[in-house]
2 protein chains.
Amino acid sequence: MFADLIANVAMSTSAVGSAIDGKARLVVLPELVTSGYAFETAAEAEAVAITAHHPVFASWAEQAARNDAVVVGGFCELGDDGIYNSAAVVDASGVRAVYRKTHLWDREKLWFRAGSALPPVVDTAIGRIGVAICYDVEFPELTRHLGLAGADIVAVPTNWPFHERPVGERPAEVVLAMAAARVNRMAIACCDRSGTERGQHWTEGTTIIGSDGWPCAVAGISAPANDPADFAVATADLDLTAGRRKRFTGLADLFADRRTDLYGP
Amino acid sequence: MFADLIANVAMSTSAVGSAIDGKARLVVLPELVTSGYAFETAAEAEAVAITAHHPVFASWAEQAARNDAVVVGGFCELGDDGIYNSAAVVDASGVRAVYRKTHLWDREKLWFRAGSALPPVVDTAIGRIGVAICYDVEFPELTRHLGLAGADIVAVPTNWPFHERPVGERPAEVVLAMAAARVNRMAIACCDRSGTERGQHWTEGTTIIGSDGWPCAVAGISAPANDPADFAVATADLDLTAGRRKRFTGLADLFADRRTDLYGP
């Protein structure tokens with residue numbers, strides 16, 4: 001719910017708990033899940049900004065610990081020098097990494113600072129988990145970085161604003177994620193928002209993509225009532241080691257075939 | 001037809017002529033259209049290798065001149081130091097550029113040398129035309145190069161070997177081309193082979209994609225008879241200047257938003 005930190009802590013922890021009850025090992029939550037997205041001023045964002053020490057992460061960790069799982073979710077981060085659109089990687093031990101979005105979308109630039117480092121790939125009990133946030137996925141340089149850094153899967157908290165698209169087409173952002181998955185042979189799990197917020201209708205594009213580039217699960221679409229708690233969930237069983245072999249024919253290798261002599265590493 | 005240079009010169013020139021009769025301004029032919037693809041030895045490829053001075057290009061140019069058009073097609077190139085999987089950009093004035101494929105697919109490495117330069121973007125009467133060949137499109141570094149170099153459209157001669165895909169899905173290679181178009185806001189026209197050659201079944205994925213990333217024309221599928229002359233054609237009317245503006249919201253700009261400080265130019 002927009003700008004309702006207490007409600008969002010409860011709702012996100014409940015969602016993680018439900019996923020863990022369902023035996024999830026990796027749970028991805030939306031971008032800015034603790035705060036909402038549709039800020040109109042920096043002051044509004046600052047009012048719900050939290051640090052990585054906020055108890056919400058301990059709550060997620062507590063749920064994760066029940067299944068040795070990993071949770072990746074977005075939050076509005078209070079930094080020493082401003083606020084960031086960030087994502088935390090949390091496991092039973094607590095916050096393993098925080099990534100600050102490096103490609104700020106449109107008006108986000110008015111209240112967020114951009115991160116100064118490319119996203120991490122975190123070694124976890126279930127595999128190597130990379131992180132990207134929303135608009136980041138539209139930059140193949142960033143997803144390539146994650147592939148080369150060894151990501152088995154990229155967790156993508158996102159808030160995709162709805163745009164019209166041709167009938168029968170997937171959201172364009174999902175097409176980009178499919179391409180990023182395929183050219184890097186890594187799975188990608190995008191968790192989008194649902195419903196509307198301050199008049200902003202979301203794409204509801206939650207999709208899990210295998211390391212072969214094909215979607216293997218999509219979430220349903222929320223009911224028109226638009227209750228913020230009426231969210232849909234996508235689940236899939238993936239072998240996270242499936243994409244580690246980049247050679248896929250006798251002589252073709254998606255990484256070794258890169259012409260780094262022509263375009264750099 | 002495989003290894004039949006004389007027949008392929010006639011057939012490709014006829015195809016260009018038909019397209020020009022139909023008022024085409026840009027005609028894209030398949031990869032290795034003069035030679036066929038399914039070589040088994042270097043000697044087979046050498047036997048049908050030609051230079052950029054071969055009369056086939058004058059024939060294409062003669063057809064192009066009738067409508068101030070541009071033709072891009074693949075050929076097996078005899079170079080000073082070996083043979084290349086190349087594409088020529090031809091207009092009324094003749095051969096404007098030759099690009100030697102930089103990402104060789106699988107067994108191509110056994111007979112072709114790889115090009116030593118990224119593909120050109122050629123200023124023509126109809127706009128700025130970039131070139132890529134087949135597997136090149138699986139490397140976002142190459143398509144990004146073409147976007148940054150100012151391509152309005154990328155002509156992609158290709159020979160996509162058929163692979164099984166999930167029911168209802170486009171060929172994976174088309175998904176990659178759609179993503180490359182969208183993140184660079186440039187159109188892409190892929191011309192695939194049809195039928196089979198030495199048992200190799202082709203994807204028949206010929207598709208024209210707009211600078212918004214959505215396909216606007218696909219070719220039909222050839223008849224089962226597999227007559228090499230039974231090829232299908234995709235045609236579309238595109239505004240080649242449509243993608244030049246990379247800013248697509250008030251504050252989002254697909255090129256200016258790149259974090260070159262983090263991943264280089």
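How many bridges join β5(A) to β6(A), and do the strands run parallel or antiparallel? Four bridges join them, and the two strands run antiparallel. Keep that pair in mind; the tour returns to it.

**Before you start**

This is a predicted model: local features need pLDDT of at least 70, side-chain atom pairs count only at pLDDT 80 or more, and totals for chains, interfaces and linings use all residues. Residues are numbered from 1 along each chain as its sequence is written, while chains are lettered from A and ligands numbered from 1 in the order in which they are written.

**Stop 1: chain A as a whole**

Select chain A. It has six helices and twelve strands. Both are DSSP runs numbered from the N terminus: helices are H or I with at least four residues, strands are E with at least two. The radius of gyration of chain A, taken over C-alpha atoms, is 18 Å. The globule rule, 2.2 Å times the number of residues to the power 0.38, gives 18 Å for 265 residues, so chain A is as compact as a globular protein of that length. Along the principal axes, the C-alpha atoms of chain A fill a box of roughly 55 × 40 × 40 Å.

Colour by burial next. A residue is buried if 20 or more other C-beta atoms lie within 10 Å of its own, exposed if 12 or fewer, and partly exposed in between, with C-beta atoms placed from the backbone. Buried residues make up 50% of the 265 residues in chain A. Now contacts: two residues are in contact if their C-beta atoms, placed from the backbone, lie within 7 Å. Of the contacts in chain A with a separation of 6 or more, 66% are between residues 24 or more positions apart.

**Stop 2: the six-stranded sheet of chain A**

Select β5, β6, β7, β8, β11 and β12 of chain A. They form an open sheet in that order, with mixed pairing. Strands pair here if DSSP finds at least two bridges between them. The edge strands are β5 (121-124) and β12 (215-218) of chain A, each pairing on one side only. From one strand to the next, the twist averages 20 degrees. Axes are lines fitted to C-alpha atoms, for helices over the stretch in contact, and angles run from 0 to 180 degrees between N-to-C directions.

Back to the opening pair. A hairpin joins β5(A) to β6(A) through two residues. A:V122 stands opposite A:I129 in β6(A).

Strand β6 (residues 127-131) and strand β7 (residues 153-157) of chain A pair in the parallel sense over three bridges. A:I129 has A:I153 as its bridge partner in β7(A). For A:G130, the partner in β7(A) is A:V154.

Is β6(A) enclosed or open? Five of the five residues of β6(A) are buried, so the strand is largely enclosed by the rest of the structure.

**Stop 3: A:Y37**

Select A:Y37. Find it in the loop between β1 (26-28) and α2 (42-47) of chain A. A:Y37 counts as buried because it has 24 C-beta neighbours inside 10 Å. Leaving out residues up to four places away in sequence, A:Y37 touches A:E31, A:L32, A:N159 and A:E197.

**Stop 4: the four-stranded sheet of chain B**

Switch to chain B. Four strands form an open sheet in the order β1-β2-β3-β4, and the pairing is mixed. Its edge strands are β1 (26-28) and β4 (94-100) of chain B. Neighbouring strands are turned by 35 degrees against each other on average, direction ignored.

Strand β2 (residues 70-79) and strand β3 (residues 82-91) of chain B pair in the antiparallel sense over nine bridges. B:G74 stands opposite B:A87 in β3(B). Then show helix α3 (residues 55-65) of chain B, which lies across β2, β3 and β4 of chain B, at about 20 degrees to β3(B).

**Stop 5: where the chains meet**

Show both chains. The contact takes 34 residues from chain B and 34 residues from chain A. On chain B, α4 (140-148), α5 (172-184) and α6 (260-263) each supply at least two residues. The largest share, seven residues, comes from α5(B).

Finish with a superposition, by least squares on the C-alpha atoms of residues with pLDDT of at least 70 in both copies. Chain B can be laid on chain A with an RMSD of 0.0 Å by a turn of 180 degrees and a shift of 0.0 Å along the axis. The two copies are thus related as by a two-fold rotation axis. The same surface serves both: 100% of the contact residues of chain B recur in chain A.
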